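Here are my notes on this one, jotted down while going through it. Have a look at the structure before reading on.

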Amino acid sequence: MKEQRHQSLDFSLIEPYLARKAETAKNEGGLIAILQKAQEAYGYLSTELMEYIAERTSIKPAKILGVATFYSQFKFNPVGRHLIMLCQGTACHVNGSSEIEDAVSSYLGISEGETTEDGLFTLNSVACLGCCSLSPVMMIDGDAYGNLTPRTARKILDTIRTSEGEVEE
Amino acid sequence: MRIVIGKGSCGVAAGAGKIEGIFKAEGFETGITGCIGMCYLEPIVEVYDSDVSGNEAKKTYVNVNEKAAREIINSLLGKKNQAGKYGLPEEDAAILAGQKRIALRNCGIINPEKIEEYTARGGYAGLKRSLALAPEAVIEEVKTSGLAGRGGAGFPTWFKWNAAKNSSGEEKYTICNADEGDPGAFMDRAIIEGDPHSVIEGMLIGAYAMGSSHGVVYVRAEYPLAIVRLNIALEQARDAGYLGKNIAGSGFDFDIRVKAGAGAFVCGEETALIASLEGERGMPRLKPPFPAQKGFWQKPSNINNVETYASVPWIFSHSGREFADIAKNSGITGAQATGTKVFALTGKIRKGGLVEVPIGMTVRKVIFDIGGGIKNGKAFKAVQLGGPSGGCVPAELADTVIDYQSLAKTGAIMGSGGMVVMDEDTCMVDVARFFLDFTCKESCGKCTHCRIGTKRMLEILNRIVGGYGEEEDIEILEQLANQVKEGSLCGLGQTAPNPVLTTLRYFKHEYRDHIVNRKCTAKQCKNFICYEIDAKKCKGCGLCKKDCPTAAISGEMKEPHTIKTADCIACRRCKDSCKFNAVKVGDRKWIQ
Ligand SMILES: Cc1cc2nc3c(=O)[nH]c(=O)nc-3n(C[C@H](O)[C@H](O)[C@H](O)COP(=O)(O)O)c2cc1C
Ligand code: FES
């Protein structure tokens, strides 16, 4: 039954990596690297994906879930089309990041860790993006936006949302 | 002529990639370099020109936007231009002069992706010198230098190396801690991004002294660029024969692997880091046994911070004595430690960025002489050192000397190098709450004091900043803080109460203000403030009224508006939308 479920899903994206590393992962501490590769390929770790990794590495599923949930990098739900990483580091906090968070989450109607219903945005908090001199900072899809005010933050999201709308039409 | 663009993470964030593209599109070849430390001036473009006799002169352009790039290109083409406008201001050039760069010696100068630029500046000379010495002599030289760990605790490096050397076992591990968990600090990232070979060379020297042949660098997950640059450097070092078998003909074998962390602050702690390297949940364990006896895979291991390793090659290309005398030679007396320390200067500072200063300099000098003082002419209130594990040093103690002991006396720590400056508008209770919120979330949950103690402390702090604090809260908070400090298993819990304890020590009146007077003097805590409109400045444009989410603002067009305090949720939108600076922050009246 479990086998069948796996067959219906496509794990080919991590297959090349697993082929090299699955056997040694258990004894050589390779689990975290495998989970990272898997998330890189699929965007998040689904239960099926973790079960499959368990099968291939002979590491117990409970152990895999235990490790994955320990680290904040791992996601267990699909991520929106645009990933917003809002810095909550010290420099950004001192320069008013909580106001930015309020503005962004009220604009999108979601709070930290959630994805908007239209699947456009996911909001994540991070501790320091390393651009403290531009604080408060957020990063959207890898681009950093600095010296934010609630107003400019909303404007940036507005621009992205509008351009998405145009694409769809 | 060479054009070099600053492409550290800070430069990239400020748009260096786009600027690079403009130069490339115009047919210019460009090189890259890491972070020079003046992050507030990024993107930075440097033009090196040699005159007839081959002397290189350098022109530095700062805050280079598209327009500036065009002007610089015009100047390069000999056309009429205004590139001069974007030159490095003298005042900013002076910032570098006050520093002593050892760990950052190549950052912002060389191309981190080219090993030949590293060796041209004396790279790998320290390795060659140390390989000619006996391992004991290498450790002795480090002892002379007085180098202490830059990762936080400040433990003498030679001692750790010696312990690992004397530990029996064939297989030993040399580990570099690049987890850099302190939010608001980025020294280690800048070093790896800007000068990866210095870390590799430092690890090589340490490994040789300890008799270790395996190296691992544990890099924080959020540092993708550092991982890329490190891997390039490792590849080049292998090709050049600095890594692998029989290094430089000495019979010594060593190689380094990179492991990416996965986002957990506690993994900066040595034993948790090892657990994470082994693919487990990153939980710390009781010491002893220390990693030097039983570390990675139960083998003797030595863990040092990035900056510690990066300082080592300098000690061997110069001398241990010279490193120990840096403070003296910079005219500083009375320092109780040696060498230099890199700080990430951030917060309410005018010239934020990375600075490296001789240990023994005062906090005041770093903030005012190098960092240019406080933003917007505000008053300096305190500086947080050591991030969530550290404490604040108040303005009245600004003459404290930066060394491990003097800082410990104030209740703060040297830490890994985060230096967050706070001004009169920063609420210290909120700062304590902020750090505790961080450590509470990051507690791994293994020991009770840390898991539950930090949670209870956070609840009290939330109550105080929320306006529901009670008189006895201060005492309970103090008691809890001391219990968590004493009862926790690892450094995370043992240091987590520090921000609370130091703010209680120096800013108890702010706690009392919140609890007794129901007032936030810094006007930062939302439940204590409300927004008011200055009738004299208000032009009645109606923008704030339109933006207010709770319809708390009323008024006719062209007439001064007013805010109904009872409906105001202090979201600040009105203040942001006002073009006439008519919205002020006031104290919310509390009904007891
Ligand atoms: C909770 C916690 C977090 C830490 N985070 C770091 C870190 O991010 N980077 C680091 O170098 N050391 C960190 N340390 C200190 C390390 O445990 C260790 O002392 C250090 O890496 C040793 O290197 P050094 O002797 O060169 O300083 C942390 C310690 C604790 C308790
Ligand atoms: S604290 Fe936000 S970028 Fe560093």
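Predicted model: local features only at pLDDT ≥ 70, side-chain atom pairs only at ≥ 80, totals over all residues.

1. Residues are numbered from 1 along each chain as its sequence is written, chains are lettered from A in the order in which they are written, and side-chain values use heavy atoms, with hydrogens and water left out.

2. At the interface, 37 residues of chain A are in contact with 51 residues of chain B (heavy atoms within 4.5 Å). Together the two chains bury about 3,400 Å², 54% of it on carbon and sulfur atoms (accessible area lost on being put together, 1.4 Å probe, summed over both).

3. The rule finds four salt bridges between chain A and chain B (a side-chain nitrogen of Lys or Arg within 4 Å of a carboxyl oxygen of Asp or Glu). B:Lys526 forms a salt bridge with A:Asp102, with 2.7 Å between the closest N and O atoms.

4. Now the sheet: chain B has an open one of four strands, in the order β2-β1-β3-β4, with mixed pairing (two strands pair if DSSP finds at least two bridges between them; strands are DSSP E runs of at least two residues). β2 (30-33) and β4 (56-61) of chain B are at the edges with a single partner strand each, so one side of each has no neighbour in the sheet.

5. Strand β1 (residues 2-6) of chain B runs parallel to β2(B), joined by four bridges. B:Ile3 sits opposite B:Thr30 in β2(B).
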